[in-house]
Amino acid sequence: MISLVIPAYNEQDSLPQLLREIQETAQQHNLDLEIIFVDDGSTDSTWIVMQGLVAQEPRARGLRLRRNFGKAAALSAGFHACIGDMILTLDSDLQDDPREIPNFIRAMEAGSDVVSGWKRVRYDPWHKRFPSRVFNWMVSRLTGVDLHDHNSGMKCYRAEVFREVRLYGELHRFIPVLASSRGFRIGEIEVAHRPRKYGQSKYGVRRFVKGFLDLLTVKFLTSFSHRPQHILGSIGLTAFALGAIGMAWLAITWIIRLFEPTWFQPLHERPLLLYSLAALLLGTQMLTMGFLAELLTAHNARVTDEYSIAETTDPPERKATRDAK
């Protein structure tokens, strides 16, 4: 079974057509589907429309959040309600084409654990396309997960991915990156993109600022979550070394000034003194933070959290002993 998770915020006009297209695709390709609509605190009649659609379609379910918590929360709620072996997400604004669902299934059957859609031809305005390209380039370079479209709302996952990847904040667009850090195989296929027919986009300029901050968070989580001292300690040691070099130079010039008062300014008139002290303090603080982070990491570490076992083999005698127990 494949579970479709469809978050919606003020999309009352597009939902009926979306469900019809899903039904047509499922019937044409004989797909075993469940459909989970998630109303992310809409202020229009989205929930009323969802209730009507669920009453018409036995494979559909509707979830409603108390208020607008954001797309990551809506997706997470949908993931918890899924029972399918594969989970496919798509936006409710009709820009994602349900006829792409069989293509995702084939890509998953080819061996991928996560398949991301790539909208090579986009029908969004230029002021959304250009920043998105820059953002996708930055994510691919910083994380090593080379995808053309990290922002795509149409992605497919194996259900076990969400036993290890947990969403919060605005990290939904980084699920392939988080999954890759756990050893899951990432794939990408081209998908059709359609112009928006109803409503308006829910994303503005603030999305890219938040996206950059989230990218820094994901980079830290995927690279240093189990070794925070490597990044914090490196910054701390660098700052401490620069501060120590500055203080050593000031000490040398102070000694020289004892014999040649005209060679150097008094220490209290030299900006290097303030910079060196600040670097020493920063270095000490970063090293201390690194040690505290290591203590927290060691205290909370679990073997199952660090290593994902895909499969195992046992000698026949050991397997028989384990089965008997």
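Predicted model: local features only at pLDDT ≥ 70, side-chain atom pairs only at ≥ 80, totals over all residues.
Seven strands make up an open sheet, and reading across, the order is E3-E2-E1-E4-E6-E5-E7, with mixed pairing. The edges are held by strand E3, residues 60-64, and strand E7, residues 186-190. Each of those has a single partner strand, so one side of each has no neighbour in the sheet. From one strand to the next, the twist averages 20 degrees.

Now to strand E4, residues 86-89. In the strand order, E4 sits between E1 and E6. Strand E1, residues 2-8, pairs with E4 in the parallel sense, over four bridges. One of the pairs to look at there is valine 5, whose bridge partner in E4 is threonine 89. On the E6 side, the strand in question covers residues 155-158, and E4 and E6 run antiparallel, joined by four bridges. Isoleucine 87 has tyrosine 157 as its bridge partner in E6, and for leucine 88 the partner in E6 is cysteine 156.

What about the side chains of E4? In a regular strand, side chains alternate between the two faces of the sheet. In E4, Met86 and Leu88 point one way, while Ile87 and Thr89 point the other way. Are these four buried or exposed? All of them are buried: Met86, Ile87, Leu88 and Thr89.

Next, the helices. Helix H2, residues 46-56, packs with helix H1, residues 15-29, at an angle of about 30 degrees. Their axes are 10 Å apart. The cut-off for roughly parallel is under 35 degrees, and H1 and H2 are therefore roughly parallel to each other. Their crossing is right-handed.

Which residues make that contact? From H1 there are Leu15, Pro16 and Leu19, and from H2 there are Thr46, Val49, Met50 and Leu53. By class, the contact counts six nonpolar residues, one polar and no charged ones.

That leaves the position of H2 relative to the sheet. H2 lies across E1, E2 and E3, where E2 is the strand at 33-39. Against E3, H2 runs at about 155 degrees.

Notes: Residues numbered from 1 in each chain as written. Heavy atoms only, no water. Axes fitted to C-alpha atoms, helices over the stretch in contact; angles between N-to-C directions. Helix = DSSP H or I, 4+ residues; strand = E, 2+ residues; numbered from the N terminus. Parallel < 35°, antiparallel > 145°, perpendicular 65-115°, else oblique. Left-handed = near helix turned anticlockwise from the far one by under 90°. Contact = heavy atoms within 4.5 Å. Nonpolar A, V, L, I, M, F, W, Y, C, P; charged D, E, K, R; others polar. Buried < 20%, exposed > 50% of the residue type's maximum accessible area, 1.4 Å probe, protein only. Pairing = 2+ DSSP bridges.
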